[in-house]
Amino acid sequence: MEEVVNDGELLKQRAEDLAEENPELTLLKAFNCILDLAMDSELTPDFWKHSTLFSHYVAGRMKVSPTQAVLLGLLIENGTMGRTATMQDVARYVGCRNMAMMQYQQEVDDLVKRGFVRRSIKNFRREITYIIPTALLDALNKNEAYEKKTPKCNNVIELMQSFYELTHLRYEEELSSELLEEEVADLLETNKDMPYVKALKKLDLDADIELLITHFCRHIVLNNLDCLDLDVLGYLYDDKKTRYDFCHAMTEKIHPIIKSGWVERAFDGGFESNETFRLTDRTKKILLKGIELKLEDNSHCGIIGYKKIVKKDLFFGQEVNEHIERLTHLLDDEEYQKICARLKKKGYREGFTCLFYGAPGTGKTESVMQLARLAGRDILQVNIADVKSKWVGDSEKNIKSIFDRYRFAVNNSKKAPILLFNEADAIIGNRKRDAEQAVDKMENSIQNIILQEMENLQGIMIATTNLEENMDKAFERRFLYKVKFDKPELPQRAKIWHSMMPELSEETTERLAGAYNFSGGQIENITRKCNIDTILYGRRYVTDERIEQYCHEETISKKTTKSIGFRS
């Protein structure tokens with residue numbers, strides 16, 4: 001009995017000595033005193049009694065309980081210098097059984113909830129460990145009380161970066177799903193005046209749905225990544241059964257986020273994917289409206305601003321003129337909006353798909369340019385050569401990326417831009433039956449994706465092709481307007497010559513138009529050569545004879561080639 005009393009007395013004496021040695025306490029000094037007294041103390045009642053001065057000092061400064069002050073000090077001691085702490089480490093330090101520490105678990109859980117420590121179960125033994133935030137250590141070094149602060153963001157980029165930091169902690173298993181949901185709720189509440197948060201809150205969603213939708217938006221805003229796989233979504237859940245139930249509900253399309261129309265399946269090889277999802281256009285339009293996102297360099301789309309398109313006079317026959325006039329009227333924004341509304345009301349597709357086909361140089365591409373200029377619509381021109389990749393699956397991802405970017409552009413532009421597939425022969429040709437080669441399978445997949453996207457298109461898509469006879473019938477059915485561009489007749493050729501070279505006499509113009517059955521593109525080539533000659537040698541160099549020479553050079557006659565081999 002005497003020995004126990006002496007132990008209590010020794011602890012009391014040590015506490016008094018520490019108080020004399022540290023007359024002006026700081027947080028670090030107080031924590032060190034607590035640790036000195038706690039070592040091998042078994043956290044007996046005598047320890048709690050004699051450590052009161054230091055534990056209460058920390059408790060007052062940090063706004064925690066005295067018990068939490070002690071536990072926090074023990075976790076810091078065992079969880080710094082790149083290490084993580086466990087309750088077993090704490091038990092060894094104070095010299096008591098692990099089970100004895102279980103009585104303090106609620107206090108530790110509260111420290112986790114308040115952000116003083118982070119809880120992790122990442123190691124292979126699934127052992128619970130605790131991590132000390134760097135911000136807490138920085139505060140102690142400055143003798144400042146640590147308090148977890150939810151960031152006040154200045155814009156949506158900062159908001160999504162803060163959201164990413166939270167989900168990254170969940171990914172590293174340093175934050176539970178429950179705490180993640182609470183942290184995200186605090187982040188949204190702190191930034192409730194931001195347009196994104198206001199729009200989100202108007203939807204009146206449950207907290208878990210808000211978390212999921214913001215997870216999608218974060219990938220779009222920060223990474224320009226529209227489609228997310230299940231593994232990117234599933235890590236938000238720390239419980240295995242909850243994660244399984246979530247994944248099952250998503251693949252079966254019975255999860256509330258899908259049934260409510262906020263998220264939909266993405267496409268893989270032209271068909272709905274069971275494992276890849278994206279926000280619906282409606283969701284993006286509501287939440288991301290007004291957020292400026294730049295297309296990635298690998299989006300395979302070139303943007304042509306309508307203001308940069310130079311006005312050009314085009315001369316066609318009566319039938320093509322009527323088609324162009326009709327499309328010009330249709331693409332006027334006021335008419336376009338009325339037509340879309342009526343089509344939607346009647347349950348029809350809202351998208352406009354046009355095919356311009358015919359011989360090279362007949363004005364197909366230039367007609368698209370002039371339509372865009374007159375309608376005040378930018379053009380997203382697809383670089384088809386860049387779409388196809390030698391890597392398996394990349395071509396399909398590229399084509400999906402194009403339509404994903406176009407959807408975003410439609411939802412975030414005052415006027416829907418035009419999606420232009422110029423010289424689209426390579427992607428709208430006949431699909432390969434019983435395809436076995438990897439290249440054939442890839443091309444079929446690309447075509448399947450485009451066909452599906454055309455079915456769901458909201459906007460304006462125009463494709464041009466020189467080889468309409470090879471076009472797959474499935475594409476032919478999906479183009480609402482099909483305009484054939486023939487080579488210009490004599491009257492149109494004369495107008496083109498006069499428009500491009502007004503300095504020519506009427507007689508010369510008529511003679512050239514009659515002698516050469518050129519397309520507008522061919523006449524433009526000759527005109528460019530003449531302009532170059534004028535710059536180099538002066539106007540006098542460009543004679544009628546010189547123009548005739550260029551006309552002969554522009555005409556490439558078909559020559560008979562001799563076969564190689566023996567004659568029988």
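**Close-up views of a predicted model**

**View 1. Ile 303 in strand 6.** Ile 303 sits in strand 6, which spans residues 301-304. The structure shown here and in the other views is a predicted model. Ile 303 has a relative accessible area of 54% and is therefore exposed, since the exposed class begins over 50%. Between the C-alpha atoms of Ile 303 and Val 382 the distance is 9.0 Å, and 79 residues separate the two along the chain.

**View 2. Nonpolar cores.** The largest nonpolar core has 91 residues, and those touching the most other members are Met 62, Met 101, Tyr 196 and Ile 213. Another core, of 54 residues, lies apart from this one and has Leu 330, Val 410, Ile 418 and Ile 446 among its residues. Leaving aside residues up to four places away in sequence, Ile 213 touches Tyr 196, Leu 200, Leu 205, Ile 257, Trp 262, Leu 279, Thr 283 and Leu 287.

**View 3. The buried residues of helix 4.** Helix 4 covers residues 52-62, and its buried residues include Phe 54, Ser 55, Val 58, Ala 59 and Met 62. These residues lie on the same side of helix 4 because they cover an arc of only 130° around the axis. Lys 63 follows helix 4 and has a positive phi, near 60°.

**View 4. Salt bridge between Glu 524 and Lys 312.** The side chains of Glu 524 and Lys 312 form a salt bridge, with an N to O distance of 3.4 Å. This pair links distant parts of the chain, 212 residues apart: Glu 524 belongs to helix 27 (residues 520-537), and Lys 312 to the loop between strand 6 and helix 17 (318-331). Glu 524 is partly exposed, at a relative accessible area of 32%. Lys 312 is also partly exposed, at 36% relative accessibility. In the whole structure, a search finds 20 salt bridges.

**View 5. Salt bridge between Arg 407 and Glu 453.** A salt bridge joins the side chains of Arg 407 and Glu 453 at 2.6 Å, N to O. Here too the pair links distant parts of the chain, with Arg 407 in helix 21 (residues 394-411) and Glu 453 in helix 23 (residues 438-455), 46 residues apart. Arg 407 and Glu 453 are both buried. Together with Asp 281 and Lys 284, they are linked in a network of salt bridges.

**View 6. Salt bridge between Lys 484 and Asp 486.** In the salt bridge of Lys 484 with Asp 486, the closest N and O atoms are 3.8 Å apart. Lys 484 is partly exposed, with a relative accessible area of 40%. Asp 486 counts as partly exposed at 49% relative accessibility.

Technical notes:
Residues numbered from 1 in each chain as written. Predicted model: local features only at pLDDT ≥ 70, side-chain atom pairs only at ≥ 80, totals over all residues. Heavy atoms only, no water. Helix = DSSP H or I, 4+ residues; strand = E, 2+ residues; numbered from the N terminus. Buried < 20%, exposed > 50% of the residue type's maximum accessible area, 1.4 Å probe, protein only. Core = buried A, V, L, I, M, F, W, Y, C linked by side-chain atoms within 4.5 Å. Contact = heavy atoms within 4.5 Å. Arc of directions from axis to C-beta. Salt bridge = Lys/Arg side-chain N within 4 Å of Asp/Glu carboxyl O.
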